[in-house]
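Subject: Structure handover

Hello,

Here is the structure we talked about. My notes on the ligand site and on one pair of helices follow below it.

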Amino acid sequence: MRLILLGPPGAGKGTQAQRLVARRGVAQLSTGDMLRAAVAAGTPTGARAKAIMERGELVPDDVMIDIIADRLDRPDTAKGFILDGFPRTIAQAEALSDLLARKNQRLDAVIEITVDEGKLLDRIEGRARETGGARADDTAETLSKRLAVYHAQTAPVADYYRDKGMLRQVHGMGTVEEVGVVIENLLSEVMEA
Ligand code: AMP
C-alpha cells in the first residue's frame with residue numbers, strides 16, 4: 001500500500017499514520033519527524049531547518065525532495081509506505097511522481113483529513129501539553145502561520161490529486177478510532193478497485 005495523508009497541522013496525519021503502520025506493517029515516512037531528528041542530531045540539514053520550522057515556514061523543496069528520494073531508496077519501503085507531511089507543495093508532488101515512476105511504483109490513494117479550523121488550536125494546545133512542549137512550533141502564533149502556509153502552498157496539492165481523480169476526503173474531527181475506521185474502509189475500497 002502506498003498512501004499519502006494530507007491535511008492541515010493538527011488534523012491527525014501522524015496519529016492516523018501510526019495507527020495504519022501498526023495494522024499494515026508499512027513504513028511511516030513523516031518528513032516532520034525526519035527533520036526533528038535531524039535538528040536533534042545537529043546535522044547540517046537540521047541546522048538549516050531549525051529556524052524555518054520554528055517560524056512555521058516550509059523547508060526548501062530541494063532539501064525535502066532529496067530527503068524523500070533517499071528515504072524511498074531504503075528497503076523497508078518495499079512493502080509500502082504512508083507519507084505524512086509530504087508533499088507540501090506542487091513541486092514536491094511533481095518530484096514524487098517522477099521518483100515513483102522511475103521505480104515503477106504508483107500511489108494507491110491520497111487521503112485528505114479535513115478539520116474544523118476553529119478547533120485546531122485546542123488540538124495543538126492539547127498536543128503541546130501531552131508532549132510536554134517538545135515541539136517548538138506547537139504554539140498559537142506558529143499555528144496561525146502554519147495554517148496560512150498550508151492554505152497558500154499545500155491546499156493546491158489536494159487540488160493536484162483531485163484533478164488526477166486520486167483524492168479522497170475524510171472528516172478528521174472524530175476520535176482517533178472513528179477516523180481510523182473511516183480511513184480503513186476507504187482503503188479497502190481503493191485497494192479492491
Ligand atoms: P509536521 O510535523 O509535518 O507538521 O512538520 C513540521 C515542520 O517541518 C513544518 O512546519 C515545516 O517547517 C517542516 N516540514 C515538514 N515536512 C515538510 C515538507 N514536506 N516540506 C517543507 N517543510 C516541511
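The ligand is surrounded by 16 residues, of which T31, R36, E57, G85 and Q92 are the closest (a residue is near a molecule if one of its heavy atoms lies within 4 Å of it). This is a predicted model, where local features need pLDDT of at least 70, side-chain atom pairs count only at pLDDT 80 or more, and totals for chains, interfaces and linings use all residues. Residues are numbered from 1 along each chain as its sequence is written, and side-chain values use heavy atoms, with hydrogens and water left out.

An oxygen atom of the ligand lies 2.5 Å from a backbone N or O atom of E57. A ligand nitrogen atom is 3.1 Å from a polar backbone atom of V59. For the side chain of Q92, an N or O atom is 2.9 Å from a nitrogen atom of the ligand.

Now the helices (DSSP runs of H or I, at least four residues, numbered from the N terminus). Helix α4, residues 61-72, packs against helix α5, residues 90-102, at an angle of about 25°, and their axes are 10 Å apart (axes are lines fitted to C-alpha atoms over the stretch in contact; angles run from 0 to 180 degrees between N-to-C directions). The two are therefore roughly parallel (angles under 35 degrees).

The contact (heavy atoms within 4.5 Å) involves D61, M64, I65, I68, A69 and L72 of α4 and A91, Q92, A95, L96, L99 and L100 of α5.

I67 is also in α4. Leaving out residues up to four places away in sequence, I67 touches M34, L35 and T45. The C-alpha atoms of I67 and T45 are 9.6 Å apart.

Regards

Definitions and conventions:
Parallel < 35°, antiparallel > 145°, perpendicular 65-115°, else oblique. Polar contact = N/O pair within 3.5 Å; in protein donor to acceptor, adjacent residues only side chain to side chain.
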